[in-house]
Amino acid sequence: MAKIVLSLDGRIIAQAFLDTQRITIGRDPACTLVVPVAEVSSRHAEIYGVINDHFIEDLGSTNGTVVNGKAVNRHLLQNGDVVFLGEYRLKYLNTAHARLGFDRTQILDPAQISEFVEEETQAPIILDCAGAAAHAARERLARGRVHGLAGRLEGQDILIERVLLPIGNRGECSAVINRRPGGCFLTHVDGRVQTLLNGAALGSEAVPLADGDIIDAGAERLRFHTVANGDAPSVVVRS
């Protein structure tokens, strides 16, 4: 079960399990998580789930969304990631990643906050170790790439390097390609239009992809190709 922990100067301010589809973050009282500081926009960012993972996406905020010290537009959250919200810190914890054994009824004691508050001197080492472990895990997963046939990715060849590759546009039609040990799988996420695979609408289950499959996610059309482990295909991204 994934959860978020909001802290300020080492004190836990709020924490919540991510058991709803979307969490909005901002100054607006209507947001799921209200952070009342000037650096945070009224509707600053949102966190949404895809299978057992979560993305954070900036909502056009004035100061941008910063994860682990780096500005992001959309970011696949990893266990231990820290979102900077002015002087506040929002930590993401996911037991599916870390196998820490958190329980739905477990609430952190303030004495435990040192585990979850960003430590400036240790952060680079921790992030380097986490990055190395994530890289090693990804190398065991199936590989693939997509070629854009229409839409915003037309003419681009994209190597699928992360565990999840989001495609399409939220609200209209969005989906993800998920790398697994047994292959790459396509899953419809949301939208008014259903994701199509070779012209057929996807159901609610993940579907394995084969070399040459055509994916339609709204106005975005992609052709999927498998990539053998050990190959190093060139990746061309045209602006």
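User: Which residue does Glu220 form a salt bridge with?
Analyst: Glu220 pairs with Arg152, and the closest N and O atoms are 3.0 Å apart. Keep in mind that this is a predicted model.

User: Where in the chain do Glu220 and Arg152 sit?
Analyst: Glu220 is in strand β21 (residues 220-227). Arg152 is in the loop between β12 (143-150) and β13 (157-160). The two are 68 residues apart, so the pair links distant parts of the chain.

User: Is Glu220 buried or exposed?
Analyst: Glu220 is buried, because its relative accessibility is 3% and the cut-off for buried is under 20%.

User: And what about Arg152?
Analyst: Arg152 is partly exposed, with a relative accessible area of 46%.

User: Why would such side chains pair up at all?
Analyst: Opposite charges can pair when the charged atoms come close.

User: How many salt bridges does the structure hold?
Analyst: Four. Another one joins Arg22 to Asp190, with the closest N and O atoms 2.4 Å apart. That pair also links distant parts of the chain: Arg22 lies in strand β3 (residues 22-26), Asp190 in strand β16 (residues 183-190), 168 residues apart.

User: Which of those two is buried, and which partly exposed?
Analyst: Asp190 is buried, at 13% relative accessible area. Arg22 counts as partly exposed, at 26%.

User: What does Arg221 form a salt bridge with?
Analyst: With Asp216; their closest N and O atoms are 2.7 Å apart. Arg221 counts as partly exposed at 37% relative accessibility. Asp216 counts as buried at 12%.

User: New topic, sheets. What is the strand order in the open sheet of six strands?
Analyst: The order is β2-β1-β11-β10-β7-β8, with antiparallel pairing.

User: Which strands stand at the edges?
Analyst: β2 (11-17) and β8 (70-72). Each has a single partner strand, so one side of each has no neighbour in the sheet. From one strand to the next, the twist averages 30°.

User: How many bridges join β1 to β11?
Analyst: Seven, and the strands run antiparallel. Strand β1 covers residues 2-8.

User: Where does Lys91 lie?
Analyst: Lys91 lies in strand β11 too, which spans residues 88-94. Lys91 and Ile4 are 87 residues apart in sequence, but their C-alpha atoms are 5.5 Å apart in space.

User: Is Lys91 buried or exposed?
Analyst: Lys91 is buried, with a relative accessible area of 11%.

Terms used
Residues are numbered from 1 along each chain as its sequence is written. This is a predicted model: local features need pLDDT of at least 70, side-chain atom pairs count only at pLDDT 80 or more; totals for chains, interfaces and linings use all residues. Side-chain values use heavy atoms; hydrogens and water are left out. Helices (H or I, at least four residues) and strands (E, at least two) are DSSP runs, numbered from the N terminus. Buried means under 20% relative accessible area, exposed over 50%, partly exposed in between (1.4 Å probe, protein chains only). A salt bridge is a side-chain nitrogen of Lys or Arg within 4 Å of a carboxyl oxygen of Asp or Glu. Two strands pair if DSSP finds at least two bridges between them. Axes are lines fitted to C-alpha atoms, for helices over the stretch in contact, and angles run from 0 to 180 degrees between N-to-C directions.
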